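Please walk me through this structure. Start with how the chains meet, then turn to the details.

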Protein chains: 2
Amino acid sequence: MSYYIAPVARLIEQFERLPGIGHKNAQRLAFHVLRMEESEAEAFAAAIIDARKNVTYCRICQNISQNEVCKLCADSARDKKTICVVEQPKDVAAIERTHRYRGSYHVLHGVISPIDNIGPNDIRARELLMRLGEEDVSEVIMATNPTVEGDATAMYLSRLIKQLGVKVTRIAYGIPVGGDLEYADDITLMRALEGRREI
Amino acid sequence: MSYYIAPVARLIEQFERLPGIGHKNAQRLAFHVLRMEESEAEAFAAAIIDARKNVTYCRICQNISQNEVCKLCADSARDKKTICVVEQPKDVAAIERTHRYRGSYHVLHGVISPIDNIGPNDIRARELLMRLGEEDVSEVIMATNPTVEGDATAMYLSRLIKQLGVKVTRIAYGIPVGGDLEYADDITLMRALEGRREI
């Protein structure tokens, strides 16, 4: 039973449904909304509706998009022969921030994770393979996260892609720039040594 | 510059305005909204608008309310001669959960904090004093938090209230039930000793 009036109890409940927001935090957020200007609350609510209704997925790369084909896929200046495969739309944003990659992307929207019952058919892997069959692609860069699931997904996809005669690469593991050897974990350090390059 | 499409960038920005939500967390919440059912997103947005528009403050106790006078103040079974003064509406909910208090409340909506430039006129202290002048009150229980600001606010108000001939009490400090003496801080332990009662 809630000791709050109905509109406040309902708002707390809505905030509690969000990932990583517990009951105390949901209360705090709800009281923050009560203190907002009415126009601010309206802008917040409108942003939720707008994002949910007007965001779709690019037919080609599966990234979030406002149109059937996203801006990056529609951009003729981008190299369509190189596809960088990532887990989530936020990974596209992260790579774009480097300003160094001029190829195109493919967003899987997840990784293969048998423990969570997520198989190849639960991520947008089929769309990637179909794309490779249709387009003239020379290299696929696997940029899934360096986790057990990310590595397994990269390995699984690379085997299928190599059968299509397309080169597959994996982003480098190593010591983060500005990092400290002393604090690097053993596996990262081992991978950094294995991946050494002549200078 | 944001590397997200406009509706997503706007939603991330809205989440970032909430207290304690940083950029990464705001991204995570925004992507959660994208994955919601449309009806869920609509319910979330409606709860924000509803709470902001239909919640007002009780004319008597200043607690959040759907009507001019809140349910607790309108309840004739509640003892109106005892007023429990708290900082926030959530404190009323916390005390109500104990099912042991049958008096009424007064919500200050803050504490006096010179360092944050919050004086007695920035909290609902005047409303409390006016209420004591109008109603027949025999005891005011100070239930502000046991912090420097909560204590100072309780002290400041108690001086003014005593001048009106009304008894003022402060909730007890001590070891929390189920707590461990060894882990109690020195001040709490000292207060627990000072507040000892015959058994």
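Predicted model: local features only at pLDDT ≥ 70, side-chain atom pairs only at ≥ 80, totals over all residues.

Begin with the extent of the interface. In chain B, 49 residues are in contact with 49 residues of chain A. The area buried between the two chains is about 4,900 Å². Carbon and sulfur atoms give 70% of that area. On the side of chain B, the residues that lose the most area to chain A are Y3(B), I48(B) and R52(B). Together these three make up 15% of what that side buries.

Next, ask which elements build the surface. Across the interface of chain B and chain A there are 8 residue pairs in polar contact, with both partners at pLDDT 80 or more. Five elements of chain B each supply at least two residues to the side that touches chain A: α1 (6-16), α2 (23-35), α3 (38-54), β2 (64-65) and α5 (89-97). Helix α3(B) gives the most, with 14 residues. Sorted by class, this side of chain B has 29 nonpolar, 7 polar and 13 charged residues.

Now look at α3 in both chains. The axes of α3(A), residues 38-54, and α3(B) come within 9 Å. They cross at roughly 175°. An angle over 145 degrees counts as roughly antiparallel, and α3(A) and α3(B) are therefore roughly antiparallel to each other. Residues of α3(A) that meet α3(B) include E38(A), F44(A), I48(A) and R52(A). From α3(B), the residues taking part include A41(B), A45(B), I49(B) and K53(B). By class, this helix contact has 10 nonpolar, no polar and 8 charged residues.

Charged pairs come next. Over all chains, the whole structure has 16 salt bridges. Between chain B and chain A the count is 4. One of the salt bridges pairs E42(A) with K53(B), and their closest N and O atoms are 3.4 Å apart. E42(A) and K53(B) are also among the residues where α3(A) meets α3(B). Another salt bridge links D50(B) to R10(A), with the closest N and O atoms 2.8 Å apart. D50(B) lies in helix α3 of chain B and R10(A) in helix α1 (residues 6-16) of chain A, so this pair joins two chains.

Finally, turn to a loop in chain A. Where does D122(A) lie? D122(A) is in the loop between β4 (103-107) and α6 (125-134) of chain A. The side chain of D122(A) reaches the backbone nitrogen of G119(A) at 2.8 Å. H109(A) is 13 residues from D122(A) in sequence. In space, the two are 8.8 Å apart, C-alpha to C-alpha.

Key
Residues numbered from 1 in each chain as written. Chains lettered and ligands numbered in written order. Heavy atoms only, no water. Contact = heavy atoms within 4.5 Å. Buried area = accessible area lost by both parts, 1.4 Å probe. Salt bridge = Lys/Arg side-chain N within 4 Å of Asp/Glu carboxyl O. Polar contact = N/O pair within 3.5 Å; in protein donor to acceptor, adjacent residues only side chain to side chain. Helix = DSSP H or I, 4+ residues; strand = E, 2+ residues; numbered from the N terminus. Nonpolar A, V, L, I, M, F, W, Y, C, P; charged D, E, K, R; others polar. Axes fitted to C-alpha atoms, helices over the stretch in contact; angles between N-to-C directions. Parallel < 35°, antiparallel > 145°, perpendicular 65-115°, else oblique.
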